[in-house]
Amino acid sequence: MFYRESGDFSTTYPQDSQTFPIRFDRYRYYAVLAVAFLVIPFIINDYWANAVFVPFLIYAIAAIGLNILTGYCGQVSLGTGAFMAVGAYSCYKLMTAFPEISIVIHVILSGGITAAVVTLFGLPSLRIKGFYLAVATLAAQFFLVWLFNKVGWFYNYSASGQISAPERSVFGIIVTGPNTEAWAKYMICLIFVTLCALIARNLTRGSVGRRWMAIRDMDIAAEIIGVNPMGAKLTAFMVSGFFVGIAGALFFSVYLGAAEVGESFGIDKSFLVLFMIIIGGLGSIFGSFAGAAFMVLLPVFLKNVFVGGLGWPTDLAAHLQFIVSGGLIIMFLIMEPHGLAQLWRLAKEKLRLWPFPH
Amino acid sequence: MKLLTMATAAIVAASPVMADLVFPSLSYRTGPFASGGIPFADGYADYFTLLNERDGGIGGVEARLIECETGYNTEKGVECYEATKGEGALVYQPLSTGITYQLIPRASADGIPIHSMGYGRTSAADGTTFPWVFNYPGTYWDAASIMVNHALDEEGGSLDGKKITLLFHNSAYGKEPIRTLEALSKKHGFDLNLLPVDSPGQEQKSQWLQVRRDKPDYIFFWGWGVMNQVAIQEAANIRYPMEKFIGVWWSGAEPDVIPAGDGADGYKSTNFTGTGTDFPLFADIQEYVVDAGLAAGDGQSLGQVQYNRGLFAAMLAAEAVKVAQELHGVTEIDAAMMRDGMEALSITEADYSSLGLPGFAPEINITCENHSGPGMAFVQQWDAASQQWKPVTDYMTSDRETIQPLIKADAAAFATENGITPSCS
Amino acid sequence: MPEQFLFATEVVLNGLMAGVLYALVALGFVLIYKASGIFNYAQGVMALFAALTLVGIMDGQVPFSHLINAIFGTEIHHFGWHVPALLAILLTIGVMVVLAWAVQRFIFRHLVNQEPILLFMATIGLAYFLEGVGDLMWGSDIKKLDVGLPQGINDWIDVTTFEAFGYGFFIDNLDISATIVAIILVGALIAFSQYTKQGRALRAVADDHQAALSVGISLNFIWILVWSIAGFVALVAGIMWGAKSGVQFSLSLIALKALPVLMLGGFTSIPGAIVGGLIIGVGEKLFEFLIGPMVGGATENWFAYVLALIFLVFRPQGLFGEKIIERV
């Protein structure tokens with residue numbers, strides 16, 4: 001009833017191949033965008049921005065990046081944390097070296113630099129496959145963290161090796177540094193997320209995306225039908241690196257404001273983002289969002305229930321939080337191995353026929 | 001039904017009618033550093049409980065502690081900060097170098113003071129650049145200098161040609177003392193050798209084999225978490241003379257030495273609070289807090305290094321509240337008044353005695369130019385037989401002449417980078 | 001002999017010892033991967049959990065005392081007895097067997113035939129879960145583990161080598177005992193898999209699930225068995241590492257030390273885990289000794305991975321792994 005396709009005819013090819021071919025879907029998508037752009041900025045406060053929305057949006061970009069690599073191209077990476085660090089440190093160096101250039105350009109350039117670095121670390125993927133590759137990307141993780149910690153040039157030789165984001169503004173609105181308004185932080189992340197998601201969506205349903213998926217499904221067969229595995233794998237690493245780099249740059253400059261590589265971009269980050277795409281759904285842009293929302297909201301929600309709602313001691317709550325998140329992850333994998341995106345697809349199928357299923 | 005009462009207490013506390021003094025406690029009772037975080041958080045909580053139970057709060061206003069678990073994780077720390085700042089938080093004790101660096105700009109913008117007691121950003125000692133950040137009673141650079149002074153005393157006044165190794169946690173925290181030690185090595189003519197250990201530091205064989213080859217005259221140690229236990233164990237394994245092995249104040253608590261058993265005997269560390277329970281105040285804590293069943297922990301950690309340090313942090317906060325109440329003539333102070341109180345804080349030996357803590361810590365006198373207080377600490381030594389830390393020196397001063405220019409330089413760099421004009425308000 | 005050479009020899013010897021400790025952790029991974037194709041990230045947390053349980057039983061701690069006290073307002077912490085080490089180890093093995101059963105019954109039975117990456121993620125979920133349970137059961141403070149293993153420099157080696165070369169080598173007694181235990185463990189594992197019925201069944205399952213099923217081997221039983229053995233290996237690794245650092249959260253991070261060993265040796269080979277462990281141990285110690293001072297030290301964390309990566313480029317299935325055959 002709500003989800004009707006009758007009377008929804010495509011009369012041209014562009015209409016047929018648009019992202020949301022069903023009218024209801026399209027309107028829902030516009031509605032979400034409208035709420036995100038026109039409602040939330042006016043009601044957001046510091047807590048919601050810093051604890052929920054900004055990390056959610058930034059992780060969504062990182063998850064899209066990793067999803068392109070892992071979900072679409074089938075190359076498992078455990079180096080996301082360090083690749084985000086590449087974005088963060090390039091952004092820091094650019095921000096301090098060229099203070100007169102807009103932060104937006106710095107963030108995009110950081111994405112580019114990260115893309116180059118990630119492509120370099122993607123080279124072994126031409127020889128190594130599966131879990132061996134996953135563990136091999138850990139080499140990148142540990143080496144890059146060590147490098148950023150060791151070489152003083154990366155952190156401008158500050159006494160402790162911390163980097164901190166100076167104040168920068170876009171069109172006169174401060175977007176980094178401590179004086180940033182909650183809505184400004186939120187908006188800049190939202191704009192980046194929207195653009196990244198658009199680019200990713202259109203890449204993945206075009207010929208590039210089809211090549212990635214062919215490699216994912218069976219690389220030898222793909223090679224036989226004329227997909228160049230080197231080109232496909234390396235472009236996946238590059239595009240993925242670009243998104244992850246943007247996420248890292250925003251994570252440092254807009255969200256954290258100050259960062260230390262070992263603590264902010266450690267191996268936990270890599271696992272966290274991998275969790276997001278698996279819980280959300282491999283090979284789905286929507287899944288990246290759903291997974292990021294789930295992994296960001298879950299701890300905040302559990303903490304507020306246990307400590308705020310039930311008034312339990314914080315250490316008990318923290319232990320229970322581990323148990324519950326671990327349990328939920330396992331439960332999710334058992335109940336729906338293809339993630340939240342699959343649940344969403346099933347829900348749509350059901351809604352199509354509702355209220356008159358066969 | 002303790003949980004039920006706690007739940008009701010939480011609901012009562014949540015109702016806004018009650019005026020109170022809010023102290024967030026960003027504790028870490030889980031994760032890799034829990035062994036240090038638990039006693040500290042207990043001490044911090046127990047002191048406020050004591051004040052409420054015994055004196056009815058501070059100046060008649062009840063203190064309310066909001067505990068928030070960070071697990072030593074920066075992002076959780078930010079979440080905790082955002083969640084608690086709206087409650088009228090008076091002062092933050094971030095308890096991790098990473099979270100401190102996060103909160104310095106945020107809290108300065110929001111106008112809430114930070115007390116990073118003996119950790120965090122050293123150059124925050126310069127109150128003209130960092131008006132909202134305090135790190136009394138001392139900084140890492142003080143600690144490094146005090147260690148050098150202790151070595152000087154042991155060697156009869158000269159370290160010329162001696163070899164000193166700095167074994168440090170390869171992170172912001174561990175890298176802090178390098179600058180000072182480099183300056184001091186020029187001044188006193190000792191060779192400084194840097195030995196980093198990557199986090200977490202479970203495997204330190206390479207480093208200790210190197211120590212065994214080089215035979216440094218002293219090892220200064222900046223470790224944290226599992227790195228402490230392993231380093232002390234390895235030092236015992238290679239039979240390094242433990243009295244030459246000196247840790248900073250975060251590497252010298254009971255959980256660090258107990259796993260190594262007798263091997264840890266003689267290990268030294270700096271400290272700025274008294275250890276043990278031989279202070280009159282502990283009788284009150286036992287009576288009003290532990291025996292009344294209100295203790296944050298199981299009551300076993302009383303007198304431990306980290307517990308006493310947490311207690312000291314709470315005491316300093318409470319004293320600053322008293323000063324602020326006096327300055328502004330109101331009992332329900334806000335964060336800005338709290339800052340004024342912290343900046344005018346002065347605790348003399350007589351004050352310590354009247355608080356029931358005679359000789360517990362060095363005298364403190366804070367001014368706008370000096371947010372790090374006296375920079376004094378003493379050296380303590382572990383006695384494995386009695387399972388106690390024994391002080392081996394009196395409170396010693398650091399070489400502020402050498403440190404002060406370094407602090408000025410670092411603060412000035414921060415000021416230019418962030419467009420701050422240093423001044424005293 | 002020149003001094004540098006002596007130093008290097010000492011470093012190599014210690015690297016070999018460290019390699020044994022890495023191999024101990026890696027063994028647990030290999031066992032499970034071979035039998036069920038699951039890359040068990042929770043192996044490190046299992047070591048932590050086993051060590052926590054061992055200490056808890058030895059000290060007579062009341063499990064979940066913190067939770068019980070919070071709910072019922074009681075003040076119980078200890079039973080007030082001390083269990084001898086050997087009995088405690090046996091009890092802990094019992095706990096690990098129950099854990100193995102639960103893991104199989106509640107998690108992996110429902111995930112049969114899923115993609116490897118999902119199984120991998122499930123083990124990470126299991127790691128979180130176990131971490132929380134371990135903390136909740138026994139508390140998150142650091143505990144001293146003492147099962148009577150000798151620790152510290154071995155005097156005999158020190159004195160003998162000093163007399164022979166003029167420089168006393170440092171070898172830790174704990175490392176020597178770890179090596180002995182590892183040899184016994186591997187010997188027992190080999191004997192078990194060669195000469196017992198269950199062991200042969202285990203090898204059959206590792207070779208081919210369907211063929212094993214068709215000759216009447218219970219996959220379920222074998223998987224519980226292999227998780228129990230992995231739990232036992234985790235306990236041994238937990239004892240060895242826990243003796244060095246005390247039992248605490250960081251113990252779970254030893255899994256990260258085992259991953260490069262696995263890559264290098266191959267996920268499916270027990271000799272691979274041992275040889276890989278030794279190569280990584282020696283390699284990272286030597287690199288830290290020779291190159292470390294030039295680049296500022298603390299290279300061990302990444303060097304192991306880079307070394308393994310270099311090996312992999314030439315042998316994508318690890319040194320001893322089964323050759324990957326791909327068909328369209």
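This is a predicted model: local features need pLDDT of at least 70, side-chain atom pairs count only at pLDDT 80 or more; totals for chains, interfaces and linings use all residues.
Residues are numbered from 1 along each chain as its sequence is written, and chains are lettered from A, with ligands numbered from 1, in the order in which they are written.

**View 1. Helix α1 meets helix α7 in chain C.** Helices here are DSSP runs (H or I, at least four residues), numbered from the N terminus. The axes (lines fitted to C-alpha atoms over the stretch in contact) of α1(C), residues 3-36, and α7(C), residues 173-195, come within 9 Å and cross at roughly 45 degrees. That makes the pair oblique, because angles under 35 degrees count as roughly parallel, over 145 as roughly antiparallel, 65 to 115 as roughly perpendicular and the rest as oblique.

**View 2. The residues between α1(C) and α7(C).** Contact means C-beta atoms, placed from the backbone, within 7 Å. From α1(C), look for C:Met17, C:Val20, C:Leu21, C:Ala23 and C:Leu24; from α7(C), it's C:Asp175, C:Ala178, C:Thr179 and C:Ala182.

**View 3. Where chain A touches chain C.** Chain A brings 37 residues to this contact and chain C brings 40. On chain A's side, α6 (130-150), α9 (219-224), α12 (267-280) and α14 (314-335) each supply at least two residues. The largest share, twelve residues, comes from α14(A).

Note on methods
Axes are lines fitted to C-alpha atoms, for helices over the stretch in contact, and angles run from 0 to 180 degrees between N-to-C directions. Two residues are in contact if their C-beta atoms, placed from the backbone, lie within 7 Å.
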